[in-house]
Amino acid sequence: MAKIYKEIDFSKYSSVKIGGVEKVEILDENSEFNGFVVGGANNLLISPNPPQLGILSDKFDFISLDGDILKIGAKTKSAKIYNFAKQQNLANFEFLKNIPGTLGGLLTMNAGLMGFEISQNLISVCTNKGEFGKDELNFAYRHSEIKGIILEAKFRVSHGFNALLSDEIAKKRANQPRGASFGSCFKNPGGDSAGRLIEAVGLKGFRVGGCGFSEAHANFLINYGGATYFEAITLINLAKMRVKAEFGVDLHEEVVIL
Ligand SMILES: Cc1cc2nc3c(=O)[nH]c(=O)nc-3n(C[C@H](O)[C@H](O)[C@H](O)COP(=O)(O)OP(=O)(O)OC[C@H]3O[C@@H](n4cnc5c(N)ncnc54)[C@H](O)[C@@H]3O)c2cc1C
């Protein structure tokens with residue numbers, strides 16, 4: 001079958017507003033695709049020469065509830081899942097109000113906050129390579145091992161949306177840095193915080209061109225306007241180098257660099 005493409009301007013589409021206009025293949029369950037799947041681009045830094053990119057077709061934007069099984073298409077946005085859970089009085093999706101992304105990206109990153117993770121009530125993930133039970137996918141902190149294009153996933157639901165919990169999480173998030181970013185730049189190394197380490201090596205608020213580590217939270221790389229891929233990469237490498245030199249700690253990117 002003929003492949004279908006569209007152009008995406010990543011300086012507008014990605015949350016950090018960095019990147020150029022790229023030709024992206026529209027994907028479905030029959031696609032033979034060996035490139036890189038883009039979700040909502042809330043955790044991506046796109047270089048001027050990215051690999052081949054693909055994005056799911058809109059038919060994977062759906063939610064259906066059958067008894068206590070919730071089936072969600074991988075292109076469905078976290079806000080839509082959150083709103084559905086609230087309307088249907090379902091528990092365990094309250095934290096999604098504060099994490100931008102599509103289900104495919106949330107699962108790949110095992111996204112979460114304050115002790116909640118998207119894999120918690122997961123039953124299985126369906127990709128173009130088959131259906132995989134949660135236990136086969138090695139979920140860990142901001143990590144999973146899911147092969148292929150994620151198409152949809154099933155969750156076991158319990159009833160009782162917790163509005164208080166949702167408000168509490170939103171309140172704790174209220175002081176999150178404003179501005180274009182991809183959320184946390186680095187994963188927290190075991191027993192420590194990446195933000196603390198970046199601050200300790202003097203890089204909190206440090207800028208290169210239009211890009212800098214936030215004054216409010218050093219683990220947020222902010223595009224203050226017109227930032228480039230090279231400015232972002234320079235800062236990322238500088239933080240890794242200084243933290244390694246001063247503390248002997250290897251910082252690992254949470255952001256996916258293409
Ligand atoms: C302001 C802000 C706050 C944030 N706060 C948090 C937070 O609290 N906790 C947290 O965990 N994250 C946070 N993030 C990061 C981001 O929201 C998550 O990583 C989210 O899961 C990204 O989803 P996405 O759809 O945008 O994925 P993308 O950024 O597009 O992609 C992320 C990864 O998922 C893969 N992927 C996406 N879709 C598919 C698919 N269909 N099939 C196969 N692979 C796929 C991509 O290949 C890539 O490896 C934050 C980001 C921002 C901008």
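Biologist: Why is I8 called buried?

Modeller: Count the atoms around I8. I8 has 20 other C-beta atoms within 10 Å. A residue is buried if 20 or more lie within that distance. The count for I8 is 20, so I8 is buried. Keep in mind that this is a predicted model.

Biologist: Where does I8 lie, and which residues is I8 in contact with?

Modeller: I8 lies in strand 1. Leaving aside its neighbours within four places in sequence, I8 is in contact with Y13, E22 and V24. Contact here needs C-beta atoms within 7 Å.

Biologist: How many Å separate the C-alpha atoms of I8 and G195?

Modeller: Their C-alpha atoms are separated by 32 Å. Along the chain, I8 and G195 are 187 residues apart.

Biologist: What makes strand 1 an edge strand?

Modeller: Four strands form an open sheet in the order 1-2-5-3, with mixed pairing. Strand 1 (5–9) and strand 3 (36–38) each have a single partner strand, so one side of each has no neighbour in the sheet. On average, neighbouring strands of this sheet are turned by 45° against each other, direction ignored.

Biologist: How do you know that strand 2 and strand 5 pair?

Modeller: Pairing needs at least two bridges. Strand 2 (residues 21–27) and strand 5 (residues 53–56) have four bridges, in the parallel sense. They pass the cut-off, and therefore they pair. V24 stands opposite L53 in strand 5. E25 stands opposite G54 in strand 5.

Biologist: How many bridges do strand 3 and strand 5 have?

Modeller: Three, again in the parallel sense. With at least two needed, strand 3 and strand 5 therefore count as a pair. V38 stands opposite I55 in strand 5.

Biologist: What makes both faces of strand 5 covered?

Modeller: Look at each side in turn. L53 and I55 are buried on one side. G54 and L56 are buried on the other. In a regular strand, side chains alternate between the two faces of the sheet.

Biologist: Which strands stand at the edges of the sheet of five strands?

Modeller: This sheet is open, has the order 6-7-12-10-11 and pairs in the antiparallel sense. Strand 6 (63–66) and strand 11 stand at its edges; each has a single partner strand, so one side of each lacks a neighbour in the sheet. The twist averages 20° from one strand to the next.

Biologist: How do you know that strand 12 has pairing partners?

Modeller: Count the bridges again. Strand 7 and strand 12 pair over five bridges, in the antiparallel sense. There, L70 stands opposite F155 in strand 12. Strand 10 (residues 122–127) and strand 12 also pair over five bridges, antiparallel too. In that pair, the bridge partner of S124 in strand 12 is K154.

Biologist: What makes strand 12 mostly covered?

Modeller: Five of its seven residues are buried.

Biologist: Which residue in strand 7 is the bridge partner of L65?

Modeller: L70 in strand 7 is the partner. Strand 6 and strand 7 (residues 69–73) pair over four bridges, in the antiparallel sense.

Biologist: Is N138 buried or exposed?

Modeller: N138 has 12 C-beta neighbours inside 10 Å. Exposed means 12 or fewer. N138 is therefore exposed. N138 lies in the loop between strand 11 (130–133) and strand 12 (150–156). N138 has a positive phi of about 45° although it is not a glycine. Most residues other than glycine have a negative phi.

Biologist: Is N92 buried or exposed?

Modeller: N92 is buried, with 20 other C-beta atoms within 10 Å. The place of N92 is in the loop between helix 2 (78–87) and helix 3 (103–109). N92 has a positive phi of about 80° although it is not a glycine.

Biologist: Which element gives the largest share of the shell around the ligand?

Modeller: Helix 3, with five residues. There are 30 residues around the ligand; G39, G101, G104, G105 and G183 come nearest. The elements that give two or more residues to this shell are strand 3, helix 3 and strand 8 (112–113).

Biologist: How many residues of the shell are nonpolar, polar or charged?

Modeller: The shell has 17 nonpolar, 13 polar and no charged residues. Gly counts as polar here.

Technical notes
Residues numbered from 1 in each chain as written. Predicted model: local features only at pLDDT ≥ 70, side-chain atom pairs only at ≥ 80, totals over all residues. Axes fitted to C-alpha atoms, helices over the stretch in contact; angles between N-to-C directions. Near = placed C-beta within 6 Å. Contact = placed C-beta atoms within 7 Å.
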